[in-house]
Amino acid sequence: MKLADVARLAGVSTATVSRALSTPHKVSPEMLRRVEDAVRLSGYVLHGAARALRSRRSRTVGAVVPTLDNAIFANATHALQKTLEENGYTLLVASHEFDLEGEVRVVRPLLERGIDGLVLVGLDHEPALFELLESFRLPYVLTWALDPEGRHPCVGFRNREAAARIAAYLLDMGHRRFGMIAGLTARNDRARERVVGVRETLASRGVVLDPEHVLERPYTFGDGRRALAALMQLNPPPTAVICGNDVLAIGAMTEARAQGIAIPQELSITGFDDLEISSLIEPALTTVRVPTRELGQLAAQHLLARLAGEEVERLREVSVELIVRASTAPPP
């Protein structure tokens, strides 16, 4: 596929296509949309990387993560990079900030560099992304989740079941008034599955989690604080707050202390991820331990095996563990 073919599909000159791809801010939104649509339909990639993908190895692998401002993804990416480096491969990393259309855009430059494989996070992706990868027969693997329909190769864990384990633990201790501070669930299957796991488990024991008891917030300490403040205004307030990640949980604990709410005597708080800081704060945080380094290593090993022509498991599940610490106790 040549630049002229894209121009013909878009109904513009090759110079316009080149300008739209190299300096998109210099063309009108409508013109950019026409060119991007033509690129997507044609499967065009700049600089002849398509030939590179089909004829040689660049010994580079790409990884696209939702955000680089997150220690959990950093740990997994570090393990991915180390394993690839030990096998003579270089890692190229990009992020899309939970913008799935943007993810397609950041993958394209990786293809232009002739990457040999690609690591992605989660199950939520634009169909256009998989169409692009299929057009170049590029090996890829999804991480942090498992595809229940078996459509995509995965190295991950069951977010719903992990969150259900937290809810069951708190129910067994006697809690019946719950709040949840979830990550933003739009375009984030991990956050959605954790909410579903909590809801289903509570419902199975006759506890309804009303909409006002579930707050979705960005991944920041400050948002965890503000969400906890809102939950404690409920009448009656929850005795247990389940957080979709450790950052939100630590923010919630900070707000509880500021309000003079004793943890866990008056309020139990849980997280998800098991960041290093979660065992060091006071009280230490009850959470779910995700084996981030193992995820990175296994993702690298999956791609390395496929690039070597070996048969690999299409679905590789890793174990997560409920880590009980001092931030949880029976309700007052």
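**Exercises: helix crossing and sheet packing**

In this predicted model, helix α5 passes helix α12 in a right-handed crossing.

**Exercise 1.** Classify the crossing of α5 and α12 by angle, and describe the contact by residue class.

*Solution.* 
1. Helix α5 covers residues 71–86 and helix α12 residues 292–307; their axes come within 7 Å and cross at roughly 40°.
2. The class "roughly parallel" needs an angle under 35 degrees and "roughly perpendicular" needs 65 to 115, so α5 is oblique to α12.
3. On the α5 side the contact is made by Ile72, Asn75, Ala76, Ala79, Leu80, Thr83 and Leu84. Their counterparts in α12 are Thr292, Arg293, Gly296, Gln297, Ala299, Ala300, Gln301 and Leu304.
4. Sorted by class, the contact of α5 with α12 has eight nonpolar, six polar and one charged residues.

**Exercise 2.** Give the strand order of the open four-stranded sheet and identify its edge strands.

*Solution.* 
1. The order is β7-β6-β8-β9, with parallel pairing.
2. Strands β7 (214–217) and β9 (268–270) each pair on one side only, and are the edge strands.
3. Neighbouring strands of this sheet are turned against each other by 15° on average, direction ignored.
4. Between β6 (residues 178–183) and β7 there are four bridges, and the two strands run parallel. For Gly183, the bridge partner in β7 is Arg217.

Methods: Residues are numbered from 1 along each chain as its sequence is written. This is a predicted model: local features need pLDDT of at least 70, side-chain atom pairs count only at pLDDT 80 or more; totals for chains, interfaces and linings use all residues. Side-chain values use heavy atoms; hydrogens and water are left out. Axes are lines fitted to C-alpha atoms, for helices over the stretch in contact, and angles run from 0 to 180 degrees between N-to-C directions. Angles under 35 degrees count as roughly parallel, over 145 as roughly antiparallel, 65 to 115 as roughly perpendicular and the rest as oblique. A crossing is left-handed if the near helix is turned anticlockwise from the far one by less than a right angle, and right-handed if clockwise. Contact means heavy atoms within 4.5 Å. Ala, Val, Leu, Ile, Met, Phe, Trp, Tyr, Cys and Pro count as nonpolar, Asp, Glu, Lys and Arg as charged, and the others, Gly among them, as polar. Two strands pair if DSSP finds at least two bridges between them.
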